[in-house]
2 protein chains.
Amino acid sequence: MRYFPEPDRDLNLSDVNRVVEAAFADHGKGLVQMPPKVHITLPAGDFRTMPGYLPSLGIAGVKIVNVHPDNPKVGLPTVMALTVILDLATGRPMAILNATKLTDMRTGAAGAIAAKYLAPKKECVLGVIGTGRQAEAQVRATALELSLTQVKVWSRDPVHAEAFAARLTPLSAESQSMEKVCDCDILVTTTPSRTPIIKSEWIHAGTHINAIGADAPGKEELDPEILHRARVFVDDPAQAFHSGEINVPINKGLYQTWMIAGTLGEVVTGKRKRESKDEITIFDSTGLAIQDLAIASIAMRQASSIELPFM
Amino acid sequence: MRYFPEPDRDLNLSDVNRVVEAAFADHGKGLVQMPPKVHITLPAGDFRTMPGYLPSLGIAGVKIVNVHPDNPKVGLPTVMALTVILDLATGRPMAILNATKLTDMRTGAAGAIAAKYLAPKKECVLGVIGTGRQAEAQVRATALELSLTQVKVWSRDPVHAEAFAARLTPLSAESQSMEKVCDCDILVTTTPSRTPIIKSEWIHAGTHINAIGADAPGKEELDPEILHRARVFVDDPAQAFHSGEINVPINKGLYQTWMIAGTLGEVVTGKRKRESKDEITIFDSTGLAIQDLAIASIAMRQASSIELPFM
């Protein structure tokens with residue numbers, strides 16, 4: 001059994017996008033096993049258990065990931081993760097991966113793939129709400145799929161926004177008001193908000209939105225009015241209804257489960273697509289176990305590891 | 001983060017019984033978080049993911065365990081397991097335990113606790129069907145809770161039965177026919193059978209049965225007629241209906257979910273008990289995540305471990 005302490009190191013982001021895209025394609029074809037993630041509540045946060053099996057990549061395992069919002073106060077990330085990989089033939093545990101940064105990367109890749117298929121054009125202005133680790137992962141992955149002519153960023157703290165924009169060099173990036181950031185072709189929302197912060201009137205026809213921040217019951221970033229103007233694609237319906245951007249509107253009766261336009265897997269396999277350049281599309285990301293298995297499959301090929309006794 | 005390659009080494013079986021008993025007591029009081037285990041099917045077997053949180057012991061985590069019946073042909077155990085423990089305050093992965101032998105031991109402890117509370121008397125004749133690793137774990141754990149005046153064992157292969165009986169020294173153990181083994185005070189069934197092998201007419205009044213073998217859909221060891229003569233206690237109703245001894249009879253309409261007498265947790269907390277010395281009682285064991293967390297909590301205190309980088 002091997003332990004990979006830094007499996008994200010030297011990982012090629014284009015390779016990550018490709019393998020995550022392949023995982024979504026398998027999901028769209030019904031070729032994966034992936035029960036809904038299981039939540040356990042801890043005193044100051046929670047953790048989720050995400051088992052899955054991706055036959056086409058020959059990989060099966062479980063990601064275990066926590067969310068503890070107060071962790072930065074003690075110098076730890078809010079989200080930390082471990083992925084356990086089992087040998088397909090015998091079920092023997094064969095690898096354990098530190099999956100904290102892999103989680104950021106595979107989430108960035110899902111947004112990039114959604115933008116590749118659903119953006120209104122190939123040359124895009126990207127708007128980013130929030131400037132945390134996930135915001136950066138989204139920009140870097142998306143820049144590999146589309147030509148980003150400009151990146152507009154907003155943070156509650158303007159100093160963070162300026163620093164984030166500077167970090168994105170050589171991309172042309174600048175800090176702007178939230179309303180101006182929303183005037184873009186692809187809008188990415190990455191905040192932990194529990195009330196809608198994006199107003200419907202700020203979103204013009206043709207925008208694609210990657211709604212990344214809402215990943216637990218009670219979280220939402222978009223005015224529910226936007227959902228009604230848009231076609232909403234989810235990664236997994238059960239997870240999205242429970243904890244995605246649409247979870248609060250569904251619980252309040254402001255959105256119905258039958259209204260979703262389909263899954264990203266169906267988009268990647270061509271069963272669903274953007275129907276016109278004027279429609280608003282939304283990708284509601286909650287994060288799938290198969291994304292974790294997909295990125296693990298390529299990380300294990302190139303990263304260094306420690307051999308552990310297991311018998 | 002620490003890795004424990006042999007956390008079972010030097011573990012005191014009485015301590016294991018006590019901590020597993022405490023976990024069942026918490027379960028009976030509704031003080032644990034434990035969603036049903038999640039099954040994923042692999043080409044030659046399956047694996048189950050078992051998350052849980054046991055507040056009284058201050059431990060939370062996930063056991064991942066496979067079942068691959070053909071593994072012995074390649075020199076591997078049928079069942080192998082890994083338990084990941086998270087820090088309660090921050091969700092950080094803090095320990096990984098090789099849980100293969102811990103799984104045997106905590107299952108043995110559950111049977112021992114069931115026998116302690118449900119056996120018809122304190123001095124008992126123990127009958128054991130099957131002579132694998134789990135059979136041995138059951139006998140060793142039960143011998144610490146009750147005085148076993150005799151152990152009668154049956155295996156399909158008489159040579160295995162003789163060798164098993166010899167291994168149990170200083171307990172007085174001998175190989176007998178299946179019918180004679182069933183003439184006992186506590187019967188333990190530990191086979192992977194998919195058809196009932198224990199006939200109802202072999203089971204006399206007052207017997208307590210630990211039904212251990214059936215742990216997956218399609219498995220059963222007892223003539224369903226025995227269920228109707230007995231009061232059946234389960235570890236967890238949802239898991240027992242899905243994959244315990246009662247799963248096949250329920251699916252065939254030969255047993256109803258409302259017929260169960262209660263849970264082992266309710267027995268340990270005194271809410272349910274053996275009502276007379278003549279009644280037949282059954283404990284239907286499927287294995288709970290809280291048993292794995294309970295045994296991990298004491299194993300981590302005494303076992304040696306390897307420090308792994310995690311950041």
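Modeller: In this predicted model, chain A is divided into two domains: domain 1 covers 2-103 + 290-307, and domain 2 covers 108-288. The C-alpha centres of domain 1 and domain 2 of chain A lie 23 Å apart. Where the two domains of chain A meet, 18 residues of domain 1 are in contact with 21 residues of domain 2. On the domain 1 side, two elements of chain A give two or more residues each, namely helix H1 (13-28) and helix H10 (289-302). H1(A) gives the most to that side, with 10 residues. Sorted by class, the side of domain 1 of chain A that touches domain 2 has 10 nonpolar, 5 polar and 3 charged residues.

We may now turn to the meeting of the two chains. Here 39 residues of chain B are in contact with 39 residues of chain A. On the chain B side, at least two residues each come from strand S2 (38-42), strand S3 (45-54), strand S4 (59-67), strand S5 (81-86) and strand S6 (93-98). S3(B) gives the most to this side, with 5 residues. By class, the side of chain B that touches chain A has 28 nonpolar, 10 polar and 1 charged residues.

Next come other elements of chain B. Helix H2 of chain B (residues 100-118) has 19 residues and reaches 28 Å from its first C-alpha to its last, close to the 27 Å expected at 1.5 Å a residue. H2(B) is mostly covered, with 18 of its 19 residues buried.

Strand S10 of chain B (residues 186-189) is covered on both faces. On one side Ile186(B) and Val188(B) are buried, and on the other Leu187(B) and Thr189(B) are buried as well. S10(B) pairs with strand S7 of chain B (residues 123-129) in the parallel sense, over 4 bridges. S10(B) is also joined by 4 bridges to strand S11 of chain B (residues 208-211), and these two strands run parallel. Thr189(B) shows how both pairings can be followed at one residue: Ile129(B) stands opposite Thr189(B), while in S11(B) the bridge partner of Thr189(B) is Ala211(B).

Conventions: Residues numbered from 1 in each chain as written. Chains lettered and ligands numbered in written order. Predicted model: local features only at pLDDT ≥ 70, side-chain atom pairs only at ≥ 80, totals over all residues. Contact = placed C-beta atoms within 7 Å. Nonpolar A, V, L, I, M, F, W, Y, C, P; charged D, E, K, R; others polar. Domains from an automatic or database assignment. Buried ≥ 20, exposed ≤ 12 C-beta atoms within 10 Å, placed from the backbone. Pairing = 2+ DSSP bridges. Expected span 1.5 Å × (residues − 1).
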